[in-house]
Amino acid sequence: MTGLVALKAAYTVTWIIPLLYLRYLLTRYRRVRHEMKDLKRSS
Amino acid sequence: MSAFGVTRTTLVKDLRMEWRSKDAINSMLFFSLLVVVIFSFAFNPTAEESRVIAGGLIWVAVLFAAVVALNQTWAHELRNQVLDAYRVSPAPPNALFLAKALGNFLFVVILEALMAPLFVVFYQLRSVGPLWQLVVVTLLGTWALVVNGTFFAALSIRTRSREIMLPLILFPISIPAVLAMVDATTTILSGEGTPEFWMKMLLVYDVVFTMVCLLLFESVLNAE
Amino acid sequence: MKPVSVLFIVFTLALLGFSTYQALVVAPTEQTMGEVQRIFYYHAPTAWVAGLCFFVNFLASVAYLLRRNSNADALAAASAEVGVVFCTIVLITGPIWARPVWGIWWTWDARLTTTLVLWLIYVGYLILRRFATGSQTQTLAAVVAIFGFVDVPIVYMSIRWFRTQHPSPVIGGGENSGLDPAMWHAFLWNLLAFTCVGIIFVTARYRLQKLEDQVEAEHARLALERSMR
């Protein structure tokens, strides 16, 4: 693995992982909002 | 009843129950024996190599066997709603914790005493360094494992998959203690270098975590 | 989302762009390692932010045990999760850096091993939060967090001592290797940028936790109501 390949890989990973985490957070947010709507409807 | 009285009574009761059934000791003994045999096949060490890895092997076997004992620490209390009774009684919670920890400590020390001759036979162990150092390391190291283990056993009662929860949390936190035990044991057995630093470190570890356990046990007991 | 939040996010992105430019273009090329050394400007700040998150988790856990404040618990949950995310980045970028420079992916030196143990402790914390049943989750998690945090310096010191007895390759220089002054700028800009990213994530995760706690409380209330009819 050459230096430049490693550099690109490391920087890519540092961006991808937070983006994946953001997507995970957004999914959970969507689910919570949905649940809150359901609760309001049923109460 | 005073704190000391509670500790002593609970400890004596646990020891008596264990003496009658010998459940914990038997399963621990058998399990650590299995671990030793499997590791011997996995690593297939020569006589020289055995002496190098013996330190690590002893403590890995003890660690796994201790988890077996720790997992059933609170089983009896759980089955008979003893913990609920304990919560409403004026007895200090730490007394109960100490009794359990001391009981586990005794069980594991007995296990070690029983396994020691086995290790001497399997790996032709001879201690070059002074034996009393080995005893100190063993006692300090065992307490390190047992004090945290008893605490996390109480904690994992209130979780799903409690048998896996205990080692999951215990192992990472015990890494310094295990490292100290293994390296100190290897140092003493081979006679190269001194285990002084490790003994001091184990003492510090024991003091720090015993205090943390005593401080926080009441929160765990009362967690509803 | 409030305009302040949007503004902060835009600011952070701009900051990140600027700091990355500093790291890749402005900072001088290192003599021995070459371009690959620039990984440092992402690797080290993420490590710092992870440590900061875990420290916040420790404080929030203590606060929770003292005051039983659910906000403290939400902050503890949020900071632990974000800390694990950043710690994962550290554990991946580290070996990527190590491989071309030192020829090995991993070594059991004090810093790397402590980072791994840190990761293990807090992943255990997150698993505990998921597997604990009911209302005691918060107390149990707070307790484990305190154990974990107290343990970390002990882990570091014990491995350091172990390594003075049994030396092994040390990645990234020894304990006292310093940083060239020309490189400080890039490092500090990235440290600021990643800290802002961390703040955004922790805040978002905190709000999510509060919402989920609300929903759970509402479910519990409804169940109680129904059982009383």
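## Helices H3 and H7 of chain B

B:Leu63, B:Ala66, B:Leu70 and B:Asn71 of H3(B) meet B:Leu145, B:Val146, B:Gly149, B:Thr150 and B:Ala153 of H7(B); two residues are in contact if their C-beta atoms, placed from the backbone, lie within 7 Å. This contact divides by class into 6 nonpolar, 3 polar and no charged residues. Ala, Val, Leu, Ile, Met, Phe, Trp, Tyr, Cys and Pro count as nonpolar, Asp, Glu, Lys and Arg as charged, and the others, Gly among them, as polar. Helices (H or I, at least four residues) and strands (E, at least two) are DSSP runs, numbered from the N terminus.

The structure is a predicted model, in which local features need pLDDT of at least 70 and side-chain atom pairs count only at pLDDT 80 or more, while totals for chains, interfaces and linings use all residues. Residues are numbered from 1 along each chain as its sequence is written, and chains are lettered from A and ligands numbered from 1 in the order in which they are written.

Helix H3 (residues 47–71) and helix H7 (residues 131–156) of chain B pack at about 40°, with their axes 9 Å apart. Axes are lines fitted to C-alpha atoms, for helices over the stretch in contact, and angles run from 0 to 180 degrees between N-to-C directions. H3(B) and H7(B) are therefore oblique to each other; angles under 35 degrees count as roughly parallel, over 145 as roughly antiparallel, 65 to 115 as roughly perpendicular and the rest as oblique. The crossing of H3(B) and H7(B) is right-handed. A crossing is right-handed if the near helix is turned clockwise from the far one by less than a right angle, and left-handed if anticlockwise.

## Helices H2 and H6 of chain B

In chain B, helix H2 (residues 23–43) packs on helix H6 (residues 93–123) at an angle of about 35°, and their axes are 10 Å apart. The crossing of H2(B) and H6(B) is right-handed. H2(B) contributes B:Ala24, B:Ile25, B:Met28, B:Leu29, B:Ser32 and B:Val36, and H6(B) contributes B:Phe107, B:Ile110, B:Leu111, B:Leu114, B:Met115 and B:Phe122. The residues of this contact comprise 11 nonpolar, 1 polar and no charged.

## Chain C

Chain C has 6 helices and 0 strands, and its C-alpha atoms fill a box of roughly 75 × 50 × 25 Å along the principal axes. Of its 229 residues, 43% are buried, that is, have 20 or more other C-beta atoms within 10 Å of their own, with C-beta atoms placed from the backbone. Among contacts in chain C with a separation of 6 or more, 78% join residues 24 or more positions apart.

Helix H1 (residues 3–26) of chain C has 24 residues, which should span 34 Å at 1.5 Å a residue; its end C-alpha atoms are 33 Å apart, which agrees. The expected span is 1.5 Å times one less than the number of residues. The buried residues of H1(C) are C:Ser19, C:Thr20, C:Gln22 and C:Ala23, and their cover includes H2 and H6 of chain C. H3(C), with 33 residues, reaches 47 Å from its first C-alpha to its last, close to the expected 48 Å. After H3(C) comes C:Gly103, with a positive phi near 80°.

## Contacts between chains

Of the 2 pairs of chains that touch, B and C have the most contacts. Chain A and chain B do not touch, and their nearest C-alpha atoms are 22 Å apart.

Between chains C and A, 27 residues of chain C are in contact with 22 residues of chain A. On the chain C side, helix H2 (40–67), helix H3 (70–102) and helix H6 (181–228) each supply at least two residues, and H6(C) gives the most, with 10 residues. The side of chain C that touches chain A divides into 16 nonpolar, 5 polar and 6 charged residues.

Technical notes. A residue is buried if 20 or more other C-beta atoms lie within 10 Å of its own, exposed if 12 or fewer, and partly exposed in between; C-beta atoms are placed from the backbone.
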